[in-house]
Amino acid sequence: MAFGPTEIEELYSQVESHVKATGRFDKVNRHEPKNPPGKKIVAAVWVDRVQPIRQSGLAATTILVVFTIRCYQTMLTEPQDTIDPELMKAMAAVLERLHGDLALGGDSDVRNIEVIGSNSPGLTTHSGYVEMGGRQMFRVFDIACPVVVNDAWVQAY
């Protein structure tokens, strides 16, 4: 099986649908937004990296596709004491969905989400701040979601 356009679209859709299914986000983008995403909690999903992994065989390459799932909320939200707890609730809802379906639906070549991490640090999160639109600050929680895809490309000599 080749990891081509159809498989890439399917994988993106699977990750995006899990984020949307939490019901915690006003909007879910399939890209890192260039402009401020709004006043409510918003999520964005994009690929951080793709790499071959050691569990590949001699006939095909198995890969790790690491998605970034970023949860955003403007720093102008009042009361400010609610920003981190609300973002953490959204992040926890995404993590719960991902833990509850490690094969992302099971209809593709996804082996599993690498929760603990054999080929990556695993399903991890970190928080920070991002400036957007030249002057607006957002509080963000990033989730690194490493997905193992079996036999992405056939190896030939």
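Predicted model: local features only at pLDDT ≥ 70, side-chain atom pairs only at ≥ 80, totals over all residues.
Trainee: Understood. How many salt bridges does the structure hold?

Mentor: There are eight salt bridges, each being a side-chain nitrogen of Lys or Arg within 4 Å of a carboxyl oxygen of Asp or Glu.

Trainee: What does D84 pair with?

Mentor: D84 forms a salt bridge with R139, at 2.7 Å from N to O. This pair links distant parts of the chain, with R139 in strand β6 and D84 in helix α2 (residues 83-99), 55 residues apart. Helices (H or I, at least four residues) and strands (E, at least two) are DSSP runs numbered from the N terminus.

Trainee: And is D84 buried or exposed, or in between?

Mentor: D84 counts as partly exposed because its relative accessibility is 29%. R139, in contrast, is buried, at 9%.

Trainee: Which ring does R139 lie over?

Mentor: R139 lies over the face of Y129, 4.6 Å from the ring centre. The criterion is NZ of Lys or CZ of Arg within 6 Å of the ring centre and within 35 degrees of the ring normal.

Trainee: Back to the salt bridges. Which residues are linked in a network?

Mentor: The network of salt bridges links E9, E16, K20 and R30. Within it, R30 and E9 meet at 2.8 Å from N to O. That pair links distant parts of the chain: R30 is in the loop between β1 (27-29) and β2, and E9 is in helix α1, 21 residues away.

Trainee: How are E16 and K20 placed in the helix?

Mentor: They are four residues apart in helix α1, and therefore separated by about one helical turn. E16 is buried at 13% relative accessible area, whereas K20 is partly exposed at 48%.

Trainee: New topic: aromatics. How many pairs are there?

Mentor: The count is three aromatic pairs. Rings of Phe, Tyr and Trp (its six-membered ring) pair if their centres lie within 6.5 Å; planes under 30 degrees apart count as stacked, over 60 as edge-to-face, and the rest as tilted. One of them joins F3 and W153, which is edge-to-face because the planes are at 80°, with the centres 5.9 Å apart. F3 lies in the segment before α1 (5-20) and W153 in strand β6, 150 residues apart.

Trainee: Which other pair can you describe?

Mentor: Y12 and F67 are also edge-to-face, at 5.3 Å centre to centre with 90° between the planes. Y12 is in helix α1 and F67 in strand β3 (residues 60-74), so the pair ties together parts 55 residues apart in sequence.

Trainee: What does I143 touch?

Mentor: Its contacts (heavy atoms within 4.5 Å) include F67, M91, V94, L95 and L123, not counting residues up to four places away in sequence. I143 lies in strand β6 (residues 136-154) and counts as buried because its relative accessibility is 0%.

Trainee: Which residues form the nonpolar patch on the surface?

Mentor: V47, V50 and W153 form that patch, with about 240 Å² of accessible area together. Patch members have over 30% relative accessible area and no salt bridge; nonpolar side chains (Val, Leu, Ile, Met, Phe, Trp, Tyr) are joined within 5 Å, and like charges within 9 Å. Areas come from the Shrake-Rupley method with a 1.4 Å probe, and for residues only the protein chains shown count as cover. V50 is in strand β2 (residues 42-52) and is partly exposed at 43%, as is W153 at 38%.

Trainee: Lastly, the backbone. Which peptide bond is cis?

Mentor: The bond from E78 to P79 is cis, with omega near -10°, and P79 lies in the loop between β3 and α2. L104 has a positive phi of about 55° although it is not a glycine. D151, likewise not a glycine, has a positive phi of about 45°.

Definitions and conventions. Residues numbered from 1 in each chain as written. Heavy atoms only, no water. Buried < 20%, exposed > 50% of the residue type's maximum accessible area, 1.4 Å probe, protein only.
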